[in-house]
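Student: I'd like to go through a protein model with you, one question at a time. Can we put it up first?

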Amino acid sequence: MEKSENAKQHSDAETLSDCVGKRIKTVRLEGGLSQAQLGEKLSVSQDTVSLWETGKSIPTAEYIVAVCRLFSVSSDYLLGLSEY
């Protein structure tokens with residue numbers, strides 16, 4: 001049973017990373033920024049932004065807050081807990 005619980009948690013994490021990534025991409029595009037420009041504003045590389053947007057990595061809480069402040073969206077929105 002422990003193995004299936006771990007598999008479920010892993011699946012939930014992938015879903016979260018995909019959701020966060022899609023929403024970061026949405027607000028970035030709406031803000032008229034390239035991945036490189038967003039990376040520069042956040043002091044991360046364009047590759048890091050790309051990893052977030054493709055769901056291959058999840059930004060830390062610090063970067064989630066920074067994205068929310070930059071684009072005036074709530075963390076609930078970015079995390080998929082509410083609509084825009």
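This is a predicted model: local features need pLDDT of at least 70, side-chain atom pairs count only at pLDDT 80 or more; totals for chains, interfaces and linings use all residues.

Tutor: Residues are numbered from 1 along each chain as its sequence is written, and side-chain values use heavy atoms, with hydrogens and water left out.

Student: What is the order of elements in the protein chain, from the N terminus on?

Tutor: Helices (H or I, at least four residues) and strands (E, at least two) are DSSP runs, numbered from the N terminus. The protein chain has five helices and zero strands. Read from the N terminus, the order is α-α-α-α-α.

Student: How many disulfides are there?

Tutor: The rule asks for a pair of cysteine sulfur atoms within 2.5 Å. By that rule, the count is zero.

Student: Is Cys68 buried or exposed?

Tutor: Buried means under 20% relative accessible area, exposed over 50%, and partly exposed in between (1.4 Å probe, protein chains only). Cys19 has 22%, so Cys19 is partly exposed. Cys68 has a relative accessibility of 7%, so Cys68 counts as buried.

Student: How is the ring pair of Trp52 and Tyr63 classed?

Tutor: Rings of Phe, Tyr and Trp (its six-membered ring) pair if their centres lie within 6.5 Å; planes under 30 degrees apart are stacked, over 60 edge-to-face, and the rest tilted. One aromatic pair turns up by this rule. The centres of Trp52 and Tyr63 are 5.5 Å apart and their planes stand at 45 degrees, so the pair is tilted.

Student: Which helices does that pair link?

Tutor: The two residues are eleven apart and join distant parts of the chain. Trp52 is in H3 (residues 46–53), and Tyr63 is in H4 (residues 61–71).

Student: Where do the buried residues of H3 sit around the axis?

Tutor: The buried residues of H3 are Val49, Trp52 and Glu53. Their arc, taken from the directions from the helix axis to the C-beta atoms, covers only 95 degrees, so they lie on the same side of H3.

Student: How is H2 oriented to H4?

Tutor: Axes are lines fitted to C-alpha atoms, for helices over the stretch in contact, with angles from 0 to 180 degrees between N-to-C directions. H2 (residues 35–42) packs with H4 at about 110 degrees, the axes 11 Å apart. Angles under 35 degrees count as roughly parallel, over 145 as roughly antiparallel, 65 to 115 as roughly perpendicular and the rest as oblique. So H2 is, relative to H4, roughly perpendicular.
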